[in-house]
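Biologist: I would like to learn how to read a sheet and a helix pair. Could we go through one example together?

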Amino acid sequence: MSSIKNVAIVGAAGDLGGPILKAVVDSGKFNVTVITRPSSTSIFPSSLKVIKADYTSVDSLTSALHGQDAVVSAVDMEGMLDNHNPKAAALPVFGYKVATRNHLEGKIAADFKFSATTLASVGQAVVGVLSHPEETKNRPVYVQDMAISQSKMLELARKVAPEKKWNPITMNLDEEEKWANEKFAQGDLSLPVMYAYLSLVMFRDGYGSRMEKVDNELLGIKGTTEADVEAIFKKLLA
């Protein structure tokens, strides 16, 4: 049985935080507290305890997190990529995350398979970690619903919505990397530059986007099939 009972979630109103909050609450295993910024106007169920805290203040966060057994940070999506991979960690987009972690402890191939995970499974993975603190402590965990290529995703999308016009765009990752490096050297930290680096991580072999070993069984991740992906596309493309 997990020793974790009181769980604080930071970023619970975001695209990633919402599914995580739902999974943790629906599990019925934990006392959940939501931590928000003072300026937040997000509304949460009345059954949840909500505390406003300044994310830049150690004193404010220390007070807000008093009595918590675990903290789930869902303030960005980059944790869904493997920044422990040496190549990925060297890219500027992961700079602040790699520093925090250290403190705490060619061409794009359409057929290249990368690990894909739904937000619902991310939420289940968080519940799994909180339920197995000894097995998961002091290490990253890896989950995936399936390994899939862009060409397969396009094939399934065309199958679900044949009436739609699909115009795939081919990217040259060597050129993307060169462009991003030049922009970064000029001090450009804009989203297009960061997205170019993320493209390298996601779609180039050797950067850890295809997970060889996963913790699905331990964390209760059942995975998805191509039929599941088709169902998702049907809903999105309706």
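This is a predicted model: local features need pLDDT of at least 70, side-chain atom pairs count only at pLDDT 80 or more; totals for chains, interfaces and linings use all residues.

Biologist: In which sense do strand 2 and strand 3 pair?

Modeller: Strand 2, residues 31-36, pairs with strand 3 in the parallel sense, over four bridges.

Biologist: What is the order of the strands in the open sheet?

Modeller: The order is 3-2-1-4, with four strands and parallel pairing. Strand 3 (49-52) and strand 4 (70-73) stand at the edges with a single partner strand each, so one side of each has no neighbour in the sheet. On average, neighbouring strands of this sheet are turned by 25° against each other, direction ignored.

Biologist: Which strands does helix 1 touch?

Modeller: Helix 1, residues 17-27, packs on the sheet and touches strand 1 (6-10), strand 2 and strand 4. The direction of helix 1 makes about 160° with that of strand 2.

Biologist: How are two packed helices described?

Modeller: By the angle between their axes and the distance between the axes. Here, the axes of helix 7 (residues 150-160) and helix 11 (residues 226-237) come within 9 Å and cross at roughly 60°. Helix 7 and helix 11 are therefore oblique to each other, and the crossing is right-handed.

Biologist: Which residues make the contact?

Modeller: Among them are M153, L156 and V160 of helix 7, and V229, F233 and L237 of helix 11.

Biologist: How many helices and strands does the chain have?

Modeller: There are 11 helices and six strands. Of the chain's 238 residues, 38% count as buried.

Note on methods: Residues are numbered from 1 along each chain as its sequence is written. Side-chain values use heavy atoms; hydrogens and water are left out. Two strands pair if DSSP finds at least two bridges between them. Helices (H or I, at least four residues) and strands (E, at least two) are DSSP runs, numbered from the N terminus. Axes are lines fitted to C-alpha atoms, for helices over the stretch in contact, and angles run from 0 to 180 degrees between N-to-C directions. Contact means heavy atoms within 4.5 Å. Buried means under 20% relative accessible area, exposed over 50%, partly exposed in between (1.4 Å probe, protein chains only). Angles under 35 degrees count as roughly parallel, over 145 as roughly antiparallel, 65 to 115 as roughly perpendicular and the rest as oblique. A crossing is left-handed if the near helix is turned anticlockwise from the far one by less than a right angle, and right-handed if clockwise.
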